[in-house]
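User: I have a model open and would like to learn how to read its features. Could you walk me through a few of them?

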Amino acid sequence: MHQRTTVAALTAALTTAALAGCGSSDDGGSDGPVDLTYWAWAPGMEQVVELWNEANPDIQVTVKEQAAGDDLVTRTITAAQAGEAPDLVQAEYQALPTLVSNDVLADISGELDGAEEQFAPGLWQQVTLGTDAVYALPQDSGPMMFYYREDLFAEYGLEVPTTWEEFADTARAVRDADPQAYLTTFSANDAGLFAGLAQQAGAQWWTVEGERWRVAIDDDATRRVAEFWGGLVAEDAILNEPMYTPAWNQALNTGEQIAWVSAVWAPGTLSTAAPDTAGSWAMAPLPQWEEGGNATGSWGGSTTAVTNDSQHREAAVEFAAWLNTDPEALAALVTEGGIYPAATAAQTGDALAQPPAFFENQPDFYARAAEIAQGTAPAAWGPNVNVAYDAFNDAFAAAAESRGDFAEALATVHRATVDDMESHGFQVAE
């Protein structure tokens with residue numbers, strides 16, 4: 001992807017209001033309704049937007065379904081370079097710095113009033129990038145938690161771990177109770193999981209200092225996480241198989257793997273991967289590094305952003321605010337799209353009054369999830385998350401397979417990320 005070649009220009013994009021752009025004229029004086037285009041991938045979005053269109057004949061929104069992830073980021077940047085970006089785009093949190101550094105997203109702080117109070121501080125920090133600007137509104141979130149086979153924990157006489165030290169002891173106890181079973185696995189095929197665990201430990205992988213980026217992927221907090229999981233793999237206390245494979249599905253379904261560190265969206269995955277185990281799982285808060293803590297990381301989630309190419313910025317912001325804060329809209333996002341809303345009030349709303357079907361045995365599932373979400377740690381993303389994630393997948397997959405040095409793998413990820421940034425003209429401090 002194209003990156004700014006001068007750090008001063010990048011820093012200005014991150015610390016001051018975004019340029020008005022070619023299409024940021026106000027909405028007054030036009031004939032007929034305002035037409036907005038929204039690039040999104042969440043399922044059921046057209047049905048949600050139809051609620052808006054029926055109630056707002058003067059501002060009509062058209063959803064154009066897109067692929068998620070890096071493909072959408074690349075396509076949006078390419079469209080913006082041609083002055084043809086959509087009015088609104090669904091962007092993952094970690095994609096925001098890349099989009100901002102390419103002057104794609106508008107600073108909408110001037111058009112918002114009181115939105116910040118409706119979201120957990122850790123989520124709001126991700127849409128401001130630590131500045132006074134606001135580059136998007138949080139849409140959904142992925143607070144992390146601990147899932148475990150309640151029946152097998154009882155059978156093996158296990159207590160739910162509340163600290164990571166207890167987690168390690170529990171992993172060893174499972175191996176003692178059943179040599180064919182493991183507590184969980186370390187997977188190197190989804191860097192988002194590891195990133196969330198690092199956030200919980202206090203990591204801030206990218207931050208801006210003046211006109212320089214500071215990269216701290218190989219910091220003390222992340223190294224602590226890497227060495228913890230690497231130690232468990234080395235002693236065969238946990239599996240080292242990737243997630244989402246047929247073998248992983250079977251391990252969950254048969255009880256070879258009896259727990260999973262995941263996020264609030266896990267019930268949907270478990271229902272597909274381990275259909276025979278419905279009603280046997282329970283959810284608990286993520287183990288803590290310090291006893292009595294209440295911190296969790298994020299794995300997944302997205303935002304609604306307004307682009308600099310929008311000819312109708314005020315209308316676009318009005319729609320984005322409705323989509324992510326209005327009770328009717330949020331309820332529709334839950335029922336039609338199956339998301340976990342970022343807005344705090346919606347996390348205990350009627351749409352989430354019942355637990356996921358796979359967790360009918362835990363009626364307070366979403367009440368507990370809302371409590372956990374309040375402890376979401378802030379995440380600090382940079383302009384080349386995709387490079388860091390690719391490097392993680394390669395380095396940690398090799399380390400896991402060989403039961404090698406996870407700290408060395410982490411250093412490799414850090415260096416690959418810094419080298420890529422410097423090659424694109426960023427000034428980097430370490």
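Analyst: Happy to! This is a predicted model, and we can start with N53, which sits in helix α2 (residues 45-55).

User: Is N53 buried or exposed?

Analyst: Buried means under 20% relative accessible area. N53 has a relative accessibility of 11%, so it counts as buried.

User: Which residues does N53 touch, leaving aside those up to four places away in sequence?

Analyst: With those set aside, N53 touches I59, Q60 and V61.

User: Let's turn to a helix. What span should α3 have, and how far apart are its end C-alpha atoms?

Analyst: Helix α3 covers residues 70-81, which is 12 residues, and at 1.5 Å a residue it should span 16 Å. Its end C-alpha atoms are 17 Å apart, which agrees.

User: Which residues of α3 are buried?

Analyst: They are L72, V73, T76, I77, A79 and A80. Looking down the axis of α3, you find these buried residues within an arc of 160°, so they line one face of the helix. On the other side, D71 and Q81 are exposed.

User: What covers the buried residues of α3?

Analyst: The cover includes strands β1 (34-40) and β3 (88-92), along with helix α4 (96-101). Have a look just after α3 as well: G83 takes a positive phi of about 70° there.

User: What is the mean pLDDT of the chain, and where is pLDDT below 50?

Analyst: The chain has a mean pLDDT of 92, with 93% of its residues at 70 or more. Residues 1-13 are below 50, and this stretch has 38 contacts in the model beyond near neighbours in sequence. Over residues 15-25 pLDDT also stays under 50, and the model has 32 contacts for them beyond four places in sequence.

Notes:
Residues numbered from 1 in each chain as written. Predicted model: local features only at pLDDT ≥ 70, side-chain atom pairs only at ≥ 80, totals over all residues. Heavy atoms only, no water. Helix = DSSP H or I, 4+ residues; strand = E, 2+ residues; numbered from the N terminus. Expected span 1.5 Å × (residues − 1). Buried < 20%, exposed > 50% of the residue type's maximum accessible area, 1.4 Å probe, protein only. Arc of directions from axis to C-beta. Contact = heavy atoms within 4.5 Å. pLDDT = per-residue confidence, 0-100.
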